[in-house]
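Keep the viewer open as you read.

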Amino acid sequence: MRVVGQELPRVEILEKVTGQSVFGADVLPGGRVLAGKMVLSPHPHARITAIRTERAERLPGVKAVVTAADLPAIRYGRFVRDEAYFATTKARYAGDRIAAVAAVDEETAEEAARLIEVDYEVLPSVTSGLEAMAPDAPLLHEDYADYWAQPDLDRRGNVCGHKQIVRGDVERGFAEADRIFEHRFHVPMVHQTYIEPHTATARFDASGKATVWASSLALFPLRAAIAQILRMPMTKVRVIPTEIGGGFGGKLSPTVEPAAVVLARKARRPVRIVMSRSEDFQTTNPRHPFHLRYKTGVKHDGTITAREIEVVLGTGFSAGSGVMISQGAAVRAPGPYRVPNLKIDSYCVYTNTSTCGAYRGPAGPQLAFASESQMDIIARELGIDPVELRLRNAMVDGDETPAGARLEDVHAKETLLKAAEAMNAVPRPPGNNVGRGVAMAHWLVGGMASSAGVKLNEDGTVAILTGLVDLSGASTSLAQIAAEVLGVSLDDVHVRTADTDFAPHSTLSAGSQALKSMGGAVLLAAREAKRQIQQVAADKLEADPGDLELDGNTVFVKGSPERAVTLREVGQMALEHARGPIVSTQSVSQLTPHPAIAAHAAEVEVDPETGRVRILRYVAAQDVGTAVNPLSVRGQIEGGVMQGLGQALSEACTFTDGKMDNANLLDYKIFSALDAPPVEVHLVQHPCASGPLGAKGVGEPPIIPPPAVMANAVYDAVGVRIHDLPITPEKIVKALKAKRAAQR
Amino acid sequence: METPRIRITVTVNGEAVSEDVPGDRSLLDFLRDDLGLTGTKEGCGEGECGACSVIVGGRLVDACLIFAAEADGRNVETVEGLADGEVLHPLQRAFAAAGAAQCGYCTPGMLMAGKALLDRNPSPTREEAAHGIAGNLCRCTGYGTIIQAVMEAAKES
Amino acid sequence: MRPFHYRAPRSLDEALALLTPRAVPLAGGTDLFLKMERRQTQADTVVDLKRIPELDRIEAVDGGVRIGALALMDSLGASSLIAGQYEALTRSARVVGSIQTRNRATLGGNLANASPAADTAPPLMALGASAEVADAGGTRQVPVDRLFLGPGRTALRDGELLTAILVPALPARAGSSFHRCVRTAMDIALVNCAAFIRLDEDHPDTVAEARIALGAVAPTPLRAASAETRLAGARLDEDVVEAAGECAASDARPIDDVRASADYRREMVRVLTRRAIRSAFRRARGEA
């Protein structure tokens, strides 16, 4: 291939390095923009007895105040209709939306927000999923039984979804085992912490049409949500994408967009809402906290005979995507291993926090931390090398997921060996308190409804039209795919992400499937455009269309390159040709899922006195199929590793009395350049049958193993096992103390 | 009482601008809202993320924590002034080539951090480069490509 | 923010005249700006000190170094005058926040803000420094030891301004050190600790004088008195270092907060004190 497989800078890179990219807060919608501000519940759980907005409305400079009274009384939710945009009778988390204001400037809007008086009767609250399952826990949704929900959803009290998977006979599996291990793990909530906070700008014109400039990963679902919440037809809602300053799954669900629209409607002026960092931490869609119990039976030789797994996921005040994520968690809980006997219970439980969402690799790091920590424990107990234990149980082509889907293109063993080999290539440095750890995880990449257009311009250049918001470099990869098919260079291809009025329906930037879905659609559209080009050129060249090849911006007869016509000529000829302009829009959906494997290894040094962990080396091997753009692929892997390491060592949203106590970047500790180790990336490339030109999804896998890798490396270094993320210096010191006390 | 306005004169990317600004206007808002230089970003408004990094009087600072009035009479450099017309600054070229900008939101601040570093230390070690950008958070790249780009730019300039 | 008048006086006298009880001095602003944004101050006037000439000078004076209150952390960390003798201060100035912060934050601001975790406070306490404080009537000196009354509260009276820090010359056979403990590289100190050790003229293993100061483990930066007593006159071996760490841990009065537990902080006082003593000792002996 000529263009696919090349390390090419992103197509939009010049705007980004010159500061010209237009992000959410940079949009100029025309006219003076009002500043919008949300009024949020300070209480995690409280009955609302009165909301008084008069004082705010009277404040000079205030142009609109809105509450639930300004919206149709609907509840929404894909799995359970349990969420209202503004709270009416009850606030269910500290941050629940009560009202919103728009004013001439930020200062006035803040003042107005303070002037809105809300009477609360504070109720007992619960932020732990496990505690919320207890029979005497405060009930978040008293009327849950009356809510519409997807059929077959097992709901009871705060449990809004329970998925059970049974394969084989787990009791028999344990009976066959020589050793049985059972451990509990806890993973707290962590936040995506993109650098650009949530932002929306909206205007409402005289025809009743809402235009929303959104920093969103999901244009079409956002349009649908706004249309639903405001009860408007989709023709009256236009969502225009801006550049997006990081998302990682955190900008998939509507947050401030509906408020901006309803404020703009009431104020008859454009409104912009920019979340403060603290609001962003408290009111968006972070990673679900998990309580996990893993019980595993093994033979003396390390063969797994059974796994019984219980997962409790705290979803927040509404089910959101938690139901789907808990179901997905059940499917991936056993890890990339063959486990003949399984019993998995995965519970999605209401808690008094913001609704958790689809943070990069949802459920992945939590499951892998538990599963891969336990694999390490088992290896040590059985006296088997941790890599060897994993190889003995690793899944292979033809194995099935717990849900019964047959997997192909599995490269677990090769990927793991690559990571191990890279780590072992350098001898371990001398000294105490140095250790190594390894972990492996898989992700399943599906493909969602997507369409894309490809057209040939009259000058022979190519335009791609999508509705995909690009984060990972997908636009560049799409351009590479089209360039490959049409025989042009990347410079001749222009990719445009259009808004919901113009773009063909496109998938979300999520689930590592953007390239698979959109790349699939672009590949089909480019191939169709190629067919049309061949048709037009065939007449001119007096050849059979099937004998024509495209390369170097020309169309030529196979074997006779002198019989050629340029794409520019074809572009012009097409206008005079009976078949007309060359353009194709193609769609895909329901693509066969493929597994993607990440195997990581690390070397750490632990200061046993302070508990500080220094990462000396980090190796990430990943099975990526065909790397369409290795520069983007490595970028995804390095970035994913660093987010995963943050979750491993320093990140956690913590709560006191139901309120997040570290909703700022001083106390929510993401890695800086001084914390970040260099990441050695190794790509395992085998074209994948179900990906466009062999590509696999790459975005999520790298974030999954790091917490387990760190847990295992820390154990190797100083002999203490941390079961509760993050692995902070404080926990290590405490565990070392306990260990010394036990030895005495 | 309203915060009184103050006349300030600031040289922004080589061009002197005089404006009447309220005394409580931050340098960041001054650049973005009054001058329309929206390349400089706000990420936290608390001096923790570095997205609003600009160079004032030769020093890298967070524009969100400074009053515009404090910049009176000083030189301010922002991402918009980095390229020389059509010709990109070596840092911009290196960032593009290394894949050091992904979502691009931290990029303007990172570039200014890189410039402040190279202005002082034209040939930094890897560790010095990491220190140079340590006040700028990036959530996409893992920093490796950014450090690499700063080192490459140092070689070029 | 609440409305306020911004003033940028050109002389110290002018500044002092402006410092009424409702006025607040602005140095680097890294703390003040946010306090104002969060409406945590009632000030109606902001007096920007950065236009006053020479308030940021670092100069050698008789018997030590005088550091202007407006000296930047970055200048402090880079100063050869300081690095030559006050290792603890150099180290602390180099770790305060990010480069962006060190390019704005001043020594005077770091102290006057009276955060229990201020990184420059323990080194100055260990080095026996004094604050020079001025008002319209003249100047007085306050030992840095006695500057802090509580979180955000100092011994400065209404209308007084911290103008400089005076650090006495480092005696012969003396050394200082600074250690701190953080969660990630860019962090406020969970615990910080500075040590000053002067060795006996005749017995180079024996401590003639020791000062240990701790931060983030009490409402104010704190001298670890019992640790100092334990060290004074002692032959410095590992047992003494261990015991001094133990004493410092008992001198500390840490609390649990979102950053660390009291237990961990106390344990880190033990660890950091030992490390600080060892490094100061090495420097006093001219070994590092």
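In which sense do strand 3 (residues 62-67) of chain A and strand 5 of chain A pair, and over how many bridges? They pair in the antiparallel sense, over 5 bridges. Here strands (E, at least two residues) and helices (H or I, at least four) are DSSP runs numbered from the N terminus, and two strands pair if DSSP finds at least two bridges between them. Before going on, please note that this is a predicted model, where local features need pLDDT of at least 70, side-chain atom pairs count only at pLDDT 80 or more, and totals for chains, interfaces and linings use all residues. Residues are numbered from 1 along each chain as its sequence is written, chains are lettered from A and ligands numbered from 1 in the order in which they are written, and side-chain values use heavy atoms, with hydrogens and water left out.

Back to strand 5 of chain A. Strand 5 (residues 97-103) is largely enclosed by the rest of the structure, because 7 of its 7 residues are buried. Buried means under 20% relative accessible area, exposed over 50%, and partly exposed in between (1.4 Å probe, protein chains only).

Now zoom out to the sheet. It is an open one of 7 strands in chain A, in the order 3-5-1-12-9-10-11, with mixed pairing. Strand 3 and strand 11 (237-241) are the edge strands, each pairing on one side only. On average, neighbouring strands are turned by 25° against each other, direction ignored. Angles run from 0 to 180 degrees between N-to-C directions, with axes fitted to C-alpha atoms, for helices over the stretch in contact. Helix 6 (residues 219-229) of chain A packs on this sheet, touching strand 10 and strand 11, and its direction makes about 145° with that of strand 11. Contact here means heavy atoms within 4.5 Å. Helix 7 (residues 257-267) of chain A runs at about 30° to strand 9 and lies across strand 1, strand 3, strand 5, strand 9, strand 10 and strand 12 (271-274). Strand 9 (residues 199-204) and strand 10 (residues 210-214) of chain A pair in the antiparallel sense over 5 bridges, with A:Phe204 partnered by A:Ala210.

Next, the nonpolar cores: sets of buried Ala, Val, Leu, Ile, Met, Phe, Trp, Tyr and Cys residues joined through side-chain atoms within 4.5 Å. The largest has 215 residues, of which A:Tyr618, A:Met710, A:Ile732 and B:Phe95 touch the most other members. A second, separate core of 49 residues includes C:Ala15, C:Leu19, C:Ala105 and C:Ile165.

B:Phe95 is one of the buried residues of helix 2 of chain B. In this helix (residues 90-98), 7 of the 9 residues are buried. Their cover includes helix 1 (13-18) and helix 16 (630-649) of chain A, together with helix 3 (107-120) and helix 5 (144-156) of chain B. After helix 2 comes B:Gly99, with a positive phi near 75°.

Finally, the cysteines. A search of the whole structure finds 0 disulfides over all chains, a disulfide being a pair of cysteine sulfur atoms within 2.5 Å. For A:Cys653, the nearest cysteine sulfur, that of A:Cys356, is 8.2 Å away. For B:Cys44, the nearest is that of B:Cys49, 3.8 Å away. A:Cys653 is buried, with a relative accessible area of 5%, and B:Cys44 counts as buried at 10% relative accessibility.
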